[in-house]
Structure formats: C-alpha cells, structure tokens
Amino acid sequence: MTVRNRTRARSHAAEIVREYGPFAGADRVHGVTHDGRNVWAATGATLVAFDPASGEPTRTLACAGDAGTAFDGKYLYQIAEARIDKIDPSTGQVLASIPAPGQGGDSGLAWAEGSLWVGQYRERKIHQIDPETGKVIRTIESNRFVTGVTWVDGELWHGTWEGDESEIRRIDPHSGAVLDRVEMPAGTGVSGLESDGAGLFYCGGGPSGKVRAVRRPKAALS
C-alpha cells in the first residue's frame, strides 16, 4: 500500500540547542540513534556512542554504516550499503543481516511497533519493513528527499535535505500528510534523525561531522 501527502503543514524555525563533534577519525555523520542513555552516530567505518550531557565519546564499534541507525531496546540496526545489520552494542558483533529495501539507495532508519522504518532518499519514500526478513509491509511517499526517520509518542518524523534546504517533518503515518515542518538554518543539513523520547531530536549533520540537538516543537508536544 502506498499513500501520499497533500496537507498544508505548520512551520517552525529550528531551535538548535547544542552541537556535538566532529569526532576523532570521523569527518561525516550518517545515521543517528539513542539507546536511552547514549547517542550513537554512524560515521562510515565506525559507530560512535557519546554521552549527550558531556559530549564525550563512551564507545566506538568497528561497524560499517553509511546511512540510518536504529535501536530496538536491545540491539542496534545499521544500514550498510544494500543491507541492514543487526548489531550487539556491547561487542559490535553483527548477529544477522537483511536486504535493505532501496538496495543501496536507503537513508534513515527507525524502530517502532515491532518494525523497522527505512527512508529511501531519492525515491522520496519511507518503508515499514519486517526486521526478520526485510519484507516491505507498507510504503509512505513524501514530496521531498527523505533522510533520517524517527518515531516519538506515536508520531512519525523524517528529515529532508535538498541543496541548502533541510527540514524535520512530522507526517501522518497513515495518510502521509505533512503536519509540522521544522526548518533548519540555510546550509545546515539533516542526515540521520532520532528522538530522545522527550523534547529533543538528534540530527546527523552529514559532512559537517556533527550531531545537532534540535528542540521538538511545542505544538507537536501538546
């Protein structure tokens, strides 16, 4: 099933409350996730965990990651080229792999409701997939390139990035309608995206090598 968005969205200027990085040995951030304590950033050849209070790295895993990252409460999931790896965060061991729906054109990754949600960048889509098999359950279409993907309080948000323009968007997970748009400053891109489960988003900054904490709009919190 494919659904499209047509609704006019509320707009908000992004409030960037903190920046982290660049991290040693990494000049780019792709996927981002949050495990309840640490933020994880996929930097290409490694997954770097850092404490969001201090900004200090707490762990580095030698795991390939060129796009989205997710956490299901126990395991990390990481897009690496045309596959999604399931990773033990304590050891970095890849426990299983499934095919990525975009076959290498994938972007964001999130865990919610027992499923993985995968952004497909240039195809402007978000796929809900079975985490065991990679089978696509349903697809939501966007009218912008899709980067990071996250769920918080039953809300589906995704990043966009086209040229110098980037946003964080809340969309209706059933209709695909855009409900809120958080506009990032010009030249500040969003690659990976994750919520802390409360009032912040963590946004990968692509080639800046940074992760930015952006406040979740109050209109969406109410």
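1. Two strands count as paired if DSSP finds at least two bridges between them. Strands themselves (E, at least two residues) are DSSP runs, as are helices (H or I, at least four), and they are numbered from the N terminus. Strand E21 (residues 200-204) and strand E22 (residues 211-215) meet this rule with 5 bridges, in the antiparallel sense. Within this pair, Leu200 stands opposite Arg215 in E22.

2. A note on the source. The model is predicted, so local features need pLDDT of at least 70 and side-chain atom pairs count only at pLDDT 80 or more, while totals for chains, interfaces and linings use all residues. Residues are numbered from 1 along each chain as its sequence is written, and side-chain values use heavy atoms, with hydrogens and water left out.

3. Strands of a sheet pair through backbone hydrogen bonds, either parallel or antiparallel. Here, E21 and E22 belong to an open sheet of 4 strands in the order E3-E22-E21-E20, with antiparallel pairing. E3 and strand E20 (193-195) are the edge strands, each pairing on one side only. From one strand to the next, the twist averages 20°; axes are lines fitted to C-alpha atoms (for helices over the stretch in contact), and angles run from 0 to 180 degrees between N-to-C directions.

4. Which strands does E18 pair with? Strand E17 (residues 155-162) is joined to E18 by 7 bridges and runs antiparallel to it. Thr160 has Glu167 in E18 as its bridge partner. The hairpin of E17 and E18 has 2 residues between the strands, and Gly163 in this hairpin takes a positive phi near 65°. E18 is also joined to strand E19 (residues 178-183), by 5 antiparallel bridges. There, Arg169 has Arg181 in E19 as its bridge partner. This hairpin has 6 residues between its strands, with a positive phi of about 85° at Gly176 in the turn.

5. Strand E18 (residues 165-171) is mostly covered, with 6 of its 7 residues buried. Buried means under 20% relative accessible area, exposed over 50%, and partly exposed in between (1.4 Å probe, protein chains only).

6. Gln103, with phi near 55°, lies in the loop between strand E11 (94-99) and strand E12 (106-112). Gln103 counts as exposed because its relative accessibility is 68%. Arg124, with phi near 60°, lies in the loop between strand E13 (115-120) and strand E14 (125-129). At 28% relative accessibility, Arg124 counts as partly exposed.

7. The peptide bond from Gly21 to Pro22 is cis, with omega near 0°. Pro22 is in the loop between strand E3 (16-20) and strand E4 (32-34).
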